[in-house]
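Here is a short briefing to read alongside the structure. Take a moment to look over the sequence and the fold, then come back for the residue-level notes.

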Amino acid sequence: MPLLSADPAAFPAEPPADTHDPAVTAAYDWAAFSALGEMTDHWARPGWSDGSRAYYWMLTFPDDQRLATLARHCQEELAPLGLDPVPTDGLHITLARVGTPGVVTPGQLDSLARDAEALLPSAFSVRAMPLAGSRGAVRLSLGPWEPLLRLHHALAKAGSSVGLAPKKPTSAFRPHLSLAYNNRRRPAAPVVETVSGLRALPAVELFVSAVQLVELRREGRTYRWDVRRNVALG
């Protein structure tokens, strides 16, 4: 497993001291978020305008009612801030970008899914909670990171074997699960204060038994997708 490394484009830029301990990664997420002076507009992304599409590896949770309930509660408390909530059927963990439909062929997707299936680790669980955030979103911390890093590494290896290596290596991966996106530049302090009051909520255990290769699209200020391949973990 490649070690995580510092990356100024990632958030947080520095890796945590321990990827096996959920308490360490949660504290690390919170320290970075609570130190922010300003939040940025998540949707101000060059090359990713309304209607854009791309293939991604993601973990999706359309039937997880405990996660949906936690998300709705947090989103109701965050509502006065005017963030863009993630629909409860759109909650996801982004793993790696594969490419765009105009470049990646159906045959490459088939090869990618086959190669990934042979490399994927065993099924695992991660905890979602407590709440924290980034420059452009409010999001749940995840822990432990280690199985997610192993999964990302396997997907990156599969992508490299078919000429679809992800743009971001595993060393720059920072696992998280977003609940609401920030839609303008603003001081971070009011958001941090609201989030701090929600950090004592009980964690939700997420069981990961498969990874989804999706065609992701942006619809206004939300993300939607169609699952192209569902690949079971080992």
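The notes below go through aromatic pairs, charged residues, chain separations and backbone features.

Please keep in mind that this is a predicted model. A search of the whole structure finds seven aromatic pairs, and the structure also holds eight salt bridges. Two cis peptide bonds are described as well, one from Phe11 to Pro12 and one joining Met129 and Pro130.

**Aromatic residues**

- Among the seven aromatic pairs is the one made by Trp43 and Tyr181, with ring centres 5.3 Å apart.
- The planes of Trp43 and Tyr181 stand at 70°, and angles over 60 degrees count as edge-to-face, so this pair is edge-to-face.
- Trp43 sits in the loop between strand S1 (38-39) and strand S2 (53-60), while Tyr181 belongs to strand S7 (residues 177-181).
- The pair therefore links distant parts of the chain, as Trp43 and Tyr181 are 138 residues apart.
- Trp43 has a relative accessible area of 7%, which is under 20%, so Trp43 is buried.

**A positive patch on the surface**

- Arg45, Arg97, Lys167 and Lys168 gather in a patch of positive charge on the surface.
- Within this patch, Arg45 is found in the loop between S1 and S2.
- The relative accessible area of Arg45 is 35%, so this residue counts as partly exposed.

**Salt bridges**

- Arg224 and Asp89 form a salt bridge in which the closest N and O atoms are 2.7 Å apart.
- This bridge links distant parts of the chain: Arg224 is in strand S11 (residues 223-232) and Asp89 is in the loop between strand S3 (84-85) and strand S4 (92-99), 135 residues apart.
- Both partners are partly exposed, Arg224 at 24% relative accessibility and Asp89 with a relative accessible area of 44%.
- A salt bridge also joins Arg228 to Glu215, with 2.8 Å between the closest N and O atoms.
- Because Arg228 lies in strand S11 and Glu215 in strand S10 (residues 210-218), the pair ties together parts that are 13 residues apart in sequence.
- Arg228 is partly exposed, with a relative accessible area of 36%, whereas Glu215 is buried at 9%.
- Arg228 and Glu215 are linked with Arg53 in a network of salt bridges.
- Glu219 and Arg217 meet through their side chains in another salt bridge, at 2.6 Å from N to O.

- How far apart are the C-alpha atoms of Glu38 and Ala188, which are 150 residues apart along the chain? They are separated by 4.6 Å.
- Glu38 has its place in strand S1 and is partly exposed, with a relative accessible area of 36%.
- Arg186 and Ala232 are 46 residues apart along the chain, and their C-alpha atoms are separated by 41 Å.
- Arg186 is found in strand S8 (residues 186-187), where it counts as buried at 9% relative accessibility.

**Backbone features**

- The peptide bond from Phe11 to Pro12 is cis, and its omega is near -10°.
- Pro12 lies in the segment before helix H1 (22-34).
- Met129 and Pro130 are joined by a cis peptide bond as well, with omega about 5°.
- Pro130 is placed in strand S5 (residues 124-133), and Met129 is found in strand S5 too.
- Met129 is not a glycine, yet it has a positive phi of about 135°.
- With 7% relative accessibility, Met129 counts as buried.

Terms used:
Residues are numbered from 1 along each chain as its sequence is written. This is a predicted model: local features need pLDDT of at least 70, side-chain atom pairs count only at pLDDT 80 or more; totals for chains, interfaces and linings use all residues. Side-chain values use heavy atoms; hydrogens and water are left out. Rings of Phe, Tyr and Trp (its six-membered ring) pair if their centres lie within 6.5 Å; planes under 30 degrees apart count as stacked, over 60 as edge-to-face and the rest as tilted. Helices (H or I, at least four residues) and strands (E, at least two) are DSSP runs, numbered from the N terminus. Buried means under 20% relative accessible area, exposed over 50%, partly exposed in between (1.4 Å probe, protein chains only). Patches are made of residues with over 30% relative accessible area and no salt bridge: like charges are joined within 9 Å, nonpolar side chains (Val, Leu, Ile, Met, Phe, Trp, Tyr) within 5 Å. Accessible areas come from the Shrake-Rupley method with a 1.4 Å probe; for residues, only the protein chains shown count as cover. A salt bridge is a side-chain nitrogen of Lys or Arg within 4 Å of a carboxyl oxygen of Asp or Glu. Lys and Arg count as positive and Asp and Glu as negative; His and the chain ends are not counted. The place of a charge is taken as NZ of Lys, CZ of Arg, CG of Asp or CD of Glu.
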